[in-house]
Amino acid sequence: MTAGNTETATTCPYCGVGCGLRVSRFGDAVQVTGDPAHPANGGRLCAKGSQLGATVALDNRLLAPVVDGVESDWGTALDRVAERFAAVRAEHGPGSVAMYVSGQLLTEDYYAANKFMKGALASANIDTNSRLCMASAVAGHKRAFGEDTVPCGYDDVEAADLVVLVGSNLAWCHPVLYQRLQASREDGAGPMLVVLDPRRTATAAEADLHLAVSPGSDTTVFNGLLAWLAEHDSIDQPYVDAHTEGLDDALAAAGPLDLAERAGRCGVSAADLASFYRLFADSDRVVTVFSQGVNQSSVGTDKVNAIINVHLASGRIGRKGCGPFSITGQPNAMGGREVGGLANQLAAHMDFEADNVDRVRRFWGFGAVAGAPGLKAVDLFEAVGRGEIKALWVMGTNPAVSLPRSQRVREALAQCEFLVVSEVVPDTDTAAFADVLLPALAWGEKDGTVTNSERRISRQRAFLPAPGQARPDWQAIAGVARRMGFGPSFDWAGSAAIFREHAALSAFENNGARDFDIGALAALGDDGYDALEPVCWPFPEGGPPAARPVDIFADGQFRRPGGRARLVAVNSAGTRAATDTTRPLMLNSGRLRDQWHTMTRTARAPRLNRHAPEPCLYLHRADARRLRLVADSLVRVRSCEGQADLRLKLSSSVGQGQAFMPMHWSGPYASSALAGSLFAGALDPHSGQPELKAQAVSVEPLAVARHGLELLAHDRADTAPPHGADYWAHARLDHCEARFLGFSDERDDWVEWARSRLVGCDSVLSFGGDESLVLAGLVDERLAGLVLLGRQPRVRDVHWLAGLFAEAPLGAASRRAILAGMPPALDAPTGEGDAICACFGAGSGDIDRALEAGAASTAAIGAMVRAGSNCGACLPELRQVLDEDDELPLKMAAGE
Ligand SMILES: Nc1nc2c(c(=O)[nH]1)N[C@H]1C(S)=C(S)[C@@H](COP(=O)(O)OP(=O)(O)OC[C@H]3O[C@@H](n4cnc5c(=O)[nH]c(N)nc54)[C@H](O)[C@@H]3O)O[C@H]1N2
Ligand SMILES: Nc1nc2c(c(=O)[nH]1)N[C@H]1C(S)=C(S)[C@@H](COP(=O)(O)OP(=O)(O)OC[C@H]3O[C@@H](n4cnc5c(=O)[nH]c(N)nc54)[C@H](O)[C@@H]3O)O[C@H]1N2
Ligand code: SF4
Ligand SMILES: [Mo]
């Protein structure tokens with residue numbers, strides 16, 4: 001710690017790995033490093049975590065309540081919310097009000113929301129975005145174990161002989177856990193790695209075996225493994241006899257092994273399938289890590305149980321290096337499950353059985369509490385659409401983007417009688433519909449606890465003052481509850497008091513009946529809460545604090561009748577959301593490495609926008625040829641639900657007949673790139689989780705008369721998209737704001753149009769004519785704006801162009817290069833690294849230099865370091881490097 005500066009230990013607000021951070025403030029600057037003492041990451045950090053300092057500025061923050069579009073104050077706003085919720089409830093009953101909350105809330109906020117709805121208002125219509133994320137894992141755990149208990153910890157992943165990743169792009173989505181796994185494999189020992197994913201992800205590319213299974217076929221794979229274990233004498237019969245039930249039924253449902261037929265259905269070779277089965281049977285310690293490729297499916301719960309079945313049948317659970325490991329996505333997805341934030345849970349891992357309802361009612365001290373499950377997310381918004389739910393409070397989530405059938409969700413939000421949105425930014429797609437907007441504290445300001453994937457509770461501490469009128473979410477809830485007459489039940493002095501109450505409820509009449517018991521923390525003083533070190537549950541009163549997650553099923557006892565875990569009979573058919581001749585491609589959606597969900601925070605960090613500045617559809621070359629689609633052109637994707645416009649990127653990572661798009665782009669960042677507008681979201685019958693990984697679509701060229709790229713220095717970039725563009729996407733880069741443009745109609749005054757974007761510049765250089773036009777605006781000899789227009793798509797080398805905004809004064813070589821549309825030559829090739837271009841002696845080090853300077857085409861690489869510009873023999877290699885240029889910023893981030 002430097003004198004005069006403070007260092008705070010806190011937790012990352014992004015993924016469920018839950019890394020510990022050290023944050024230092026130097027004046028306005030915030031520096032974030034990994035906390036070496038935190039057991040989840042031991043000092044490690046990923047790109048998103050290390051860029052957190054770039055997201056804490058107060059531009060674009062919601063800093064005051066807004067009522068009916070007018071800036072207001074808390075008193076007025078809370079009066080209004082309380083009055084409307086009370087009136088609607090009095091007139092239409094408890095079922096007419098609802099909340100939709102988030103795994104990004106702190107446990108204390110989450111607890112307050114749950115108590116408010118299920119307790120004070122006696123309505124179970126509170127659900128969470130975890131419905132789109134963890135619901136199938138929860139349902140699968142409950143079916144198998146009797147309780148939603150995750151049996152594993154991160155050190156199990158390191159200690160395994162075999163790690164199987166199912167529907168998890170761990171390298172991008174849980175980067176620090178992935179780093180831990182790879183570090184344990186570094187010396188050639190450590191676990192073998194098998195990845196099941198229809199895409200060849202960055203994770204799959206580094207696996208010992210990648211099974212590119214057809215979408216939705218995981219139950220077929222794991223039922224086959226169960227049959228294999230039975231046929232190869234690999235069932236752990238003593239374990240099965242002592243601790244489980246249902247094996248015979250599960251085996252019957254799994255059907256015969258029939259390797260060839262099964263492999264055909266899964267879209268992999270029989271030999272690869274057999275190697276996986278053999279590896280599993282031969283490895284003493286196996287951890288199967290699963291994520292959204294499993295959960296976000298119309299058969300998600302069956303996928304979860306098919307995975308758990310093979311662990312139970314082979315006794316690979318409840319001991320070191322073993323178990324089915326559902327990893328959480330959001331920083332507090334696990335905490336939300338603890339408080340009971342899902343509509344089908346009541347509180348503290350208790351469901352709606354009569355004695356639980358009575359127990360929770362007595363603990364909370366209300367006359368009545370919700371006595372039956374409420375509506376799950378998708379159904380909840382349908383009920384809003386039908387006008388049955390008339391008052392809705394959305395907190396910490398952006399359903400207008402992240403729910404499937406987003407058009408219907410928007411219609412529902414638009415006609416909802418009374419909508420409250422608690423947010424940290426004012427301009428989300430959901431906030432646009434709000435009657436009342438409430439400003440919440442953001443990461444760095446809010447103070448409380450979160451629980452990560454391995455049941456580890458960590459403090460998230462404030463290191464910044466509350467800005468403007470922003471307040472913790474729990475205070476907003478307490479304020480409304482007070483006004484509705486429930487004051488004493490929400491009369492907490494601070495988040496520590498809420499945490500104590502939550503801990504006490506977990507222990508209340510528990511007596512070992514529920515795994516989730518943190519009774520030892522119920523008596524924590526305010527100072528103890530402030531100083532709380534990361535600790536894993538269970539942590540019952542009198543128990544020792546667990547610095548690492550204990551093997552919770554080590555005793556073979558499960559929270560089911562007779563203490564036995566259940567193998568669930570799972571149908572082998574799998575899902576196949578079917579494609580047909582009109583919609584011939586199966587669309588998959590998910591995450592990119594450097595963006596977070598609907599981009600409300602990550603899009604503000606220029607470094608994080610380098611990786612993928614524009615929303616793309618990733619397609620196999622063969623499909624693009626068949627459909628006559630051109631690389632880098634704009635395409636329109638259509639499903640039965642809606643459409644989206646995206647840049648086409650050819651990628652060998654996507655299988656033939658499939659397509660992939662990121663889930664991230666929302667209203668402020670693109671004209672029409674919502675994944676949710678395409679997905680119909682067929683529901684899993686057990687969990688109510690919608691399908692977000694398989695949707696039949698068609699893809700056609702988007703008719704574009706003019707393509708454009710506009711780069712404007714930050715201080716010139718008005719946020720409104722340029723008038724007249726039918727397609728646009730916006731990215732904040734290091735030295736400028738970039739807009740990718742498409743115009744469907746020609747006009748005869750393009751030069752004037754381009755000049756209008758550069759008004760106020762000292763001088764404007766221009767070049768070109770009808771085919772292609774470049775205008776560069778200068779202020780004080782520096783680039784202030786750049787407009788490129790042409791008949792052909794022109795998206796490449798944007799990072800090179802953006803880098804020129806830092807050049808002062810803009811040199812003659814750069815001016816020439818801009819007007820020529822090609823990067824200037826860098827220093828002569830050094831030949832460093834692997835030999836690539838024999839003609840000019842350029843090595844992989846030279847190629848890396850060109851990529852780093854912004855080259856994104858073989859032509860640009862040729863212009864910059866000459867490689868490939870003579871005989872062309874190395875062009876295939878260069879194309880491959882460009883195809884994999886995903887990896888480049890990864891190296892940069894790691895090297896920072
Ligand atoms: N960078 C980044 N990291 C994140 C997030 C983020 O927004 N950005 N979000 C966080 C959150 S909330 C979550 S839930 C996690 C999600 O983390 P992941 O689940 O790892 O991420 P996804 O990209 O949604 O999906 C994972 C993979 O499932 C594959 N898949 C699709 N269909 C199938 C199938 O039928 N079977 C199998 N086996 N695989 C299939 C997809 O191709 C994809 O590669 O990430 C967390 N971490
Ligand atoms: N097509 C498709 N759709 C998906 C998925 C997919 O893979 N494909 N994945 C699904 C999954 S797994 C998830 S988790 C969801 C995520 O989807 P969302 O939850 O909708 O995504 P976020 O962008 O994280 O939204 C969080 C919002 O809360 C705000 N916020 C942040 N911190 C706070 C706070 O402390 N208080 C308050 N009040 N607000 C805050 C942020 O500004 C942001 O607007 O998306 C789901 N949707
Ligand atoms: S791995 Fe997850 S928790 Fe850790 S720094 Fe990265 S985003 Fe944050
Ligand atoms: Mo998630």
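Are Tyr 14 and Trp 596 buried or exposed? Both residues are buried. The views below come from a predicted model.

**View 1. The ring pair of Tyr 14 and Trp 596.** The ring centres of Tyr 14 and Trp 596 lie 5.4 Å apart. Their planes meet at 50°, so the pair is tilted; a pair counts as edge-to-face over 60 degrees and as stacked under 30 degrees. Distant parts of the chain are linked here, as the two residues are 582 residues apart. Tyr 14 sits in the loop between strand S1 (7–11) and strand S2 (20–26). Trp 596 sits in the loop between S21 and helix H24 (606–609).

**View 2. The ring pair of Trp 443 and Phe 463.** The planes of these two rings stand at 75°, with the centres 5.2 Å apart, so the pair is edge-to-face. Trp 443 belongs to the loop between strand S16 (436–439) and strand S17 (448–451). Phe 463 belongs to the loop between strand S18 (456–460) and helix H21 (473–486). The pair links distant parts of the chain, 20 residues apart. Both Trp 443 and Phe 463 are buried.

**View 3. A cluster of aromatic rings.** The structure holds 27 aromatic pairs. Ring pairs join Phe 85, Tyr 111, Phe 116, Trp 364, Phe 366, Trp 393, Phe 418, Trp 474, Phe 486, Phe 490 and Trp 492 into a cluster.

**View 4. Polar atoms facing ligand 2.** An N or O atom in the side chain of Gln 104 is 2.8 Å from an oxygen atom of ligand 2. For Trp 596, a side-chain N or O atom is 3.4 Å from an oxygen atom of the ligand. Leu 441 takes part through its backbone: one of its polar backbone atoms is 3.4 Å from an oxygen atom of ligand 2. Taken alone, ligand 2 exposes 920 Å², and the protein buries 98% of that.

**View 5. The shell around ligand 2.** Strand S15 (418–423) and strand S21 (585–590) are the elements that give two or more residues to this shell. There are 31 residues around the ligand, and Asn 129, Ser 402, Glu 423, Lys 446 and Thr 598 come nearest. By residue type, the shell divides into 10 nonpolar, 16 polar and 5 charged residues. At least three residues of the shell come from each of domain 2 (66–133 + 332–454 + 465–492) and domain 4 (585–701).

How values were computed. Residues numbered from 1 in each chain as written. Chains lettered and ligands numbered in written order. Predicted model: local features only at pLDDT ≥ 70, side-chain atom pairs only at ≥ 80, totals over all residues. Heavy atoms only, no water. Near = heavy atom within 4 Å. Polar contact = N/O pair within 3.5 Å; in protein donor to acceptor, adjacent residues only side chain to side chain. Areas by Shrake-Rupley, 256 points an atom, 1.4 Å probe, with all protein chains shown as cover. Helix = DSSP H or I, 4+ residues; strand = E, 2+ residues; numbered from the N terminus. Nonpolar A, V, L, I, M, F, W, Y, C, P; charged D, E, K, R; others polar. Domains from an automatic or database assignment. Phe/Tyr/Trp six-rings, centres within 6.5 Å; stacked < 30°, edge-to-face > 60°. Buried < 20%, exposed > 50% of the residue type's maximum accessible area, 1.4 Å probe, protein only.
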